[in-house]
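Hello,

Here is the structure I promised to pass on. Have a look at it first, and then read my notes below.

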Amino acid sequence: MKITKIHAKSVELKLIEPFVTAALTRTHQSTVLVKVETDEGVFGIGESVATRHIVGETIDSILASLKELEIQLIGINPLNIELIHSIMDKYLVYNSGAKAGIDIALYDIKGKIMNAPLYKVLGGFRNTLETDVTISIDSIDNMVSSALKSVNKGFKELKIKIGLDPKKDIEAIKRIREAVGSDVSLKADANQGYSITDAIIVLNEILKYDIILTEQPVPYWDINGMAQIRSKTNMPVVTDEAVHNHYDAMKYIKSDACDMVNIKLMKSAGIFKAEKINAVCEASNIRCMVGCMVESRVAIAAGAHFAASKKNIIETDLDAFLLTEELPYLSGGFTNKNGNITLLESPGLGLEVEF
Ligand SMILES: [Mg+2]
């Protein structure tokens, strides 16, 4: 079997409500759907999200990378995934989103060839997940009502975006906890927004409201800052924007700079290296979560299959399909009931796509 073509289709995802984090505010998200075709008629679907503020890629750079990578990969067996990553990395450093689109499509093909759903191809630890739902930064009243709305719909886990204003953040978390009661699990994510001092103050304060973890309180480059924060709080500190691959994960673990790693396929160039991050973490007794960008059902399905396949992945933040208007020509992969995701048993990602 040989790769014969890599198609790319750029798409604009519309957010149902503006998505506000300490990093930026968005009403739309650009992404690229990828289709890898073979000479045997089997094809795979993937996705490359343009997350310029995290990995530095734009729609134009992704489309250009995919075109160049296509030339390198035509004629290669799509099941030779390690070889394909080695070719991609030798030809083009970074550009993890473009590579993720190809990688996800290759795993979709692998599942189809094996006639097994991807979560089983990758390990098959479970077939269901509980995703949290994200509460954007807004006025405290709006954050509380958005949290209540999700809880009333049946969601049991919320992730609250903080990182712009320490005092307001503490008050928002206090008010949300009071409103939702003690049965709802709460996480926080500062998206690199704090100084070290502010992070230590906020994390220690919000511990009182039973926040189970906080993501990336300080900028991605501040590995010493993360270690310092960890030494001064009992809050589990998760690294997100700072860890893209297994090399980053190793550095963070060796520096005692995280309690958990948030793996995202767009940072790790797909599933192949996401497995390596998880293995490095597992060997260091560090648990992982799987998160997402603002992305379509394709990348969410890939993240969910990966997360479900591994015992060491204990948290999931795969709610983008709830925050965006879904594409009419894209369905399947998984079902969702109030954040409870069940993977389909169809081969590969299990998606129905027409493009
Ligand atoms: Mg995060």
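What percentage of the 355 residues in the protein is buried? Buried residues make up 52% of them, where buried means that 20 or more other C-beta atoms, placed from the backbone, lie within 10 Å of the residue's own. Please keep in mind that this is a predicted model: local features need pLDDT of at least 70, side-chain atom pairs count only at pLDDT 80 or more, and totals for chains, interfaces and linings use all residues. Residues are numbered from 1 along each chain as its sequence is written.

The protein has 13 helices and 16 strands, which are DSSP runs numbered from the N terminus (helices H or I, at least four residues; strands E, at least two).

Eight of the strands make an open, parallel sheet in the order β5-β6-β7-β8-β9-β10-β11-β12; strands pair if DSSP finds at least two bridges between them. Because β5 (133-135) and β12 (313-316) each have a single partner strand, one side of each is left without a neighbour in the sheet. Within the sheet, three bridges join β7 (residues 185-189) to β8 (residues 211-215), and D189 stands opposite E215 in β8.

Best wishes

Methods
A residue is buried if 20 or more other C-beta atoms lie within 10 Å of its own, exposed if 12 or fewer, and partly exposed in between; C-beta atoms are placed from the backbone.
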